Amino acid sequence: MSYVQRVVSNLQDKYAYEPIFLQAVQEVLQSLQPVLDKNPQYERYKILERIVEPERTISFRVQWIDDKGQIQVNKGFRVQYNSAIGPYKGGLRFHPSVNQGILKFLGFEQIFKNSLTGLAIGGGKGGADFDPKGKSETEVMRFCQAFMSELYRHIGATIDVPAGDIGVGGREVGYLFGQYKRLTQSYEGVLTGKNLLFGGSLARTEATGYGAVYFAQSMLEGKGQSLEGKKCAVSGAGNVAIYCCEKLYQVGATPLTVSDSRGMIYDPEGINMDVLKQIKEVERESLTRYVELVSSAVYTPVNEYPDGRNAVWSVPCYAAFPCATQNELNLEDARVLLANGCQCVAEGANMPSTLDAVHAFLKAGICYGPAKAANAGGVATSQLEMAQNASMQSWSFEAVDNKLHEIMRNIYMSAAETAKEFGEPGNLVMGANIAGFRKVANAMVAQGV
Ligand code: NDP
């Protein structure tokens, strides 16, 4: 049995109850064999056994009072995964599905993603099984305050710097920051994705979605192609999806779809950005509102999706941008996309494609940008926010956006060159995993046990 197989099999026995974490580990470890063969010291230093185990996992009770005066109890977590190359960095997710396995999958991915950015940031992730949907403004505020009342003792500007993720946007980051400041009397860049009024960075809101499009452009340029004039399918209707659509228009492409947990919109005229932003950023409403406001659009609820599939991927497109959540694009979806001529998939969400869907894209030889490379623009810009906070400066939108663009190009180059170095040109899964891993592994070796 190979080193990788032994580690994976051990984890399967130990963490059988965390299938999503095992999926993420398998995806990474399977592609590391060539670098492990060339560097036997990694096995000697037990790098795989160490890198799959978080340095620290904090779990805590979050108790708060709702608008009816009732006591509510949620479960909160912070997984401090790996700090070999910098302070822990990664978002907070508030969603009823959150558990330790999901946060371990996200934190594990974050190690390699953060390393790939070329910046000095370690990997972490956190969140709670709190559902912000249907909660009043004051309930969201009280929950955020209760959550931070425990988390504050474990984080800090040079220790662990959380940001947003599903269910945590600028509003939640503001409440979390306010509570941190109250409890610690310290005004520091302990969170990113902050409001511009108190240390936020211009272009952070846009960064993940814009970055996914920049990454797609880099992949296509490598083949002498471009997004200009092309039709695109986007899933999700949150932070990442909205700014992915916005950037697609800016580069001359047309996003035809968006989706939320209840259904999807197909708009043959192209998604109307003013309407989308109004519904999702201002009203925080369902996409059913979109068809009330835009006559060209068609709404399909989730219960009318083809059996076991995501209807977004049935819309013929040149490029697909999954920007909602994990495992939202399976093998059958991949087959339909390929049959309809899709040439490019750039992942805005974390692990949106199942392992067999990824293999189908690689086998077809289309441009496939895995999440840890294609969506790294968010965390990279978070690090730019940390740099601005530390130097008490704020940079212009253009300056941050230019740096983001350059970082995304560098990530593509690094993944593409590494894939070539290990004999599989074009396999950006392998390239991104090895490039991200190598830096962290070498730092771990150098820092001793
Ligand atoms: P948001 O909460 O802003 O939006 C999430 C969107 O996805 C919403 O439209 C939501 O619909 C939809 N969604 C969530 N769960 C499901 C589901 N189970 N089925 C269908 N749709 C679903 O989150 P973000 O846009 O920030 O995050 C989206 C993805 O991008 C996540 O995978 C996240 O980890 C990843 N990511 C985010 C980064 C960031 O900077 N924000 C950085 C890197 C990655 P509804 O509102 O109905 O729940």
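Modeller: Buried means under 20% relative accessible area, exposed means over 50%, and partly exposed lies in between, all with a 1.4 Å probe and protein chains only. This is a predicted model, in which local features need pLDDT of at least 70 and side-chain atom pairs count only at pLDDT 80 or more, while totals for chains, interfaces and linings use all residues. Residues are numbered from 1 along each chain as its sequence is written, and side-chain values use heavy atoms, with hydrogens and water left out.

Biologist: Why is Y187 called exposed?

Modeller: Y187 has 57% relative accessibility, and the cut-off for exposed is over 50%, so Y187 counts as exposed.

Biologist: What makes F177 buried?

Modeller: The relative accessibility of F177 is 3%, which is set against the limit of under 20%, and therefore F177 counts as buried.

Biologist: Why is the pair of F177 and Y187 called edge-to-face?

Modeller: Rings of Phe, Tyr and Trp (its six-membered ring) pair if their centres lie within 6.5 Å, and planes under 30 degrees apart count as stacked, over 60 as edge-to-face and the rest as tilted. The ring centres of F177 and Y187 are 5.4 Å apart with planes at 80 degrees, so the pair is edge-to-face.

Biologist: How do you know that the charged end of K247 sits over the ring of Y210?

Modeller: A charge sits over a ring if NZ of Lys or CZ of Arg is within 6 Å of the ring centre and within 35 degrees of the ring normal. The charged end of K247 sits over the ring of Y210, at 4.4 Å from its centre, and that of K403 sits over the ring of W395, at 4.8 Å from its centre.
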